[in-house]
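Hi everyone, thanks for coming. Could we get the sequence and the model up on the screen?

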Amino acid sequence: MSAELIHRLHFAFTVTFHYLFPQLTMGLGLLIVVLKTVALRTGDASWDRAARFWGRIFAINFVFGVVTGIPMEFEFGTNWARFSRLSGGVIGQPLAMEGVFSFFLESAFLGLFLYGEKRLSKTMHWFSAVMVWLGSWISGFFIIVTDAWMQHPVAYERMPDGHFEVLSFWQLLLNPWGLLQYAHNMTGAVVTGSFVMAAVGAFYLLEGKRREYAEIFLKVGVIGGAVSTVMIIFPTGDLHGKYVARNQPAAIAGMEGLFKSTTGAGIVLMGQPNEETQQIDNPIVVNDVLSFLIYGTTKAEVKGLDQFPRDQWPTALPLLYYSYHIMAGLGTWFVALMLVSALLLWRGKLFKTRWVLWALLLSFPLPYIANTAGWMTAELGRQPWLIYGLMRTSEGYSDMVSAGNGLFTLLGFMGMYALLGLLFTVLVYREIARGPEPKGVLA
Amino acid sequence: MMGFIWFWLVAVMIVGYVVLDGFDLGVGVLHLFLARNEAERSVTLRSIGPVWDGNEVWLLAGGGTLYFAFPLLYASAFSGFYLPLMIVLWLLILRGISLELRNHLEMGVWQSLLDGVFGLASALLTIFYGAALANVIRGVPLQTNGYFFLPLWTTWTPGPQPGILDWYTVIGGLVALVALTLHGALWLVLKTEGELEARARSLVKPLWIALLVLTVVSLIATIAIRPSGLDNYNHYPVTYIVPAGVVASLALILFWNRNGSPLKAFLASCVYLFFMLAGACWALYPTLLPATGGPANDITLDRALSGQHTLAVGLAWWIFGMALAATYVVFVYSRFKGKVEMGAGH
């Protein structure tokens, strides 16, 4: 295995595992604010207890997010030193801002939210929930700005020795790629939060326990889910997709498995990309749809991979194709399930419709898969570039760190994270089993 | 000018991290020995519960600031110290998770395991941090391209091809272990009551004596390893106030601890850590990372600094952001001020 591959796997593995946690933190942060707001306005104690229950799950999730997040900031330097040296003046900026503007806010108010309910007024406790939510979303913003610059570099100047400097701070922060990706990504986090909340509600109802809380969870989860699953496709996914198509045409061709440029290109619902024969095996295609989605007309030509030199094709083509299709396929299922649930909720039938409750319960892992697949689409689509069009991935890893040393720590992380995943599951399951009611009371 | 400012801003972040996370690391080392039963252990750990992850944020914010102000230093040091940094990451993970888990698992045998992991990870982290600083002071085998790679150990002797660990860096590790354990003990005196407080207070003196000895040994060893470290001091004799501050704060720790002023004793310990680190920074300035092969390959301030526009813009948001951050930190500590109550869960 080459050092380049090891360093890529190292970052990919640790960031993929890491992002399982923040997506729930960011989604749940918003939903906890909803719970606290209702509690504050109605004075209903069960909404407060519901908020406290999700606060406990949030706290577990937050700690796992923190401890798996610290390695990410280190790995820019440890594993991607040559990249960091040249780009630090640009992307070091949003990364440092994340620490300064978000982490202090988030950790301070989370401490108050979790430990301070007795020491704070009701309004201050609500306020601390809002600040925790805000902190997590600010954090997401700066990370997206960082990634957006690698996807679509703006507002930079390249110096004679090859390193990059910022020309405009505001253009860096307001990179259009970043804004679109942020909207899409945060909506994705709300999808995860909504599904998790709805699933716990469905679980309690199916078990025949804690009806009161189950109904709160299902209401908030399904309404949040209906709004966010629609928004993930339209407008955020739609706009982001069109922007990618204009700025990274090779990535779109790879995502769609479009080997040859086509007028009136169809969308492949299923099929396996075959790099050897340069076609899709066993395709199920809907004609003209891709041209329409990107350009708004069925007659437009969509560039295929044949338009690009081979050394500019995305390097993991089949994985890119599958990631995108898994994301899009699951997204479709989310909308269908959440709209049906919302309709039943509105008609007052959701709590009795067992098959929908089962579907909600069993679907909770799917947003995690979809969010992960979405990120894989973005990052694999960027390949073979580390900074799109400017620096190749092969030019960025730490060449002082040998493949052997890299593999040693990659294996270490794999072992450590296997353990963490197990512990996390046990802890969250125990909280769910214990439920939102005060100790010793079973509703 | 920008170089001077950012050098000290990064130094402030590092000092902030060591002073704040330092006491909760120290509490981590101590809780194994101090707490005799579950109630005491719970109080000990709850004294750091609301603040420890906020304290760790200083490491992240400091790392980020280093990254954008001195990209070359960040790239070179992080890849060169690859193995110890990865070990630090694993220890930070183990430490955070074991502390969090213990709030959720009520089974005795698991708690003993978690307490052990928490204590051991805390102790090892202090040693690694001390050794890291000692590595920077001793220097690393930088090549002309600004990179290096250090194995964990070679011959255990400082020289042109050293390892992370040698006799000098091990001394640095021990200084940090004892200094932060003392720091944690002073925190516990401040935050706990009754027998626990008395036990923590009785530990201060032996730890203080050990720290005094180690401080002297490390100063002598540092002058032996890096005689040029005195140049800045001799050039600006007024800066001998820094070592004087080390001595004075050390004395005040003991004085105020005896005097029954735990808050002042704890603050003296913060000042001690500040002067120790500031003294090391000043000894190196304007070098950021010295090369063992001679000063030609040193990473200096000018060589590592980002562009002027980047730094000027950075200064604007940094001051604004850190002012906000300082407000939160003060607010949180004021909300949780006073002794931790026995028996009240969170």
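Before I start, a residue counts as buried if 20 or more other C-beta atoms lie within 10 Å of its own, as exposed if 12 or fewer do, and as partly exposed in between, with C-beta atoms placed from the backbone. By that rule, 54% of the 346 residues of chain B are buried. This is a predicted model, so to speak of local features we need pLDDT of at least 70, side-chain atom pairs count only at pLDDT 80 or more, and totals for chains, interfaces and linings use all residues. Residues are numbered from 1 along each chain as its sequence is written, and chains are lettered from A and ligands numbered from 1 in the order in which they are written.

Staying with chain B, there are 13 helices and 2 strands; those are DSSP runs numbered from the N terminus, H or I of at least four residues for helices, E of at least two for strands. Its C-alpha atoms fill a box of roughly 60 × 40 × 40 Å along the principal axes.

Now, where do the chains meet? Calling two residues in contact if their C-beta atoms, placed from the backbone, lie within 7 Å, chain A brings 51 residues and chain B brings 54. On the chain A side, α4(A) gives the most, 24 residues.

Last, the nonpolar core, meaning buried Ala, Val, Leu, Ile, Met, Phe, Trp, Tyr and Cys residues joined through C-beta atoms within 7 Å. The largest one has 239 residues, and A:F217, B:L73 and B:A185 touch the most other members. Here α4(A) turns up again, with the largest share, 20 residues.
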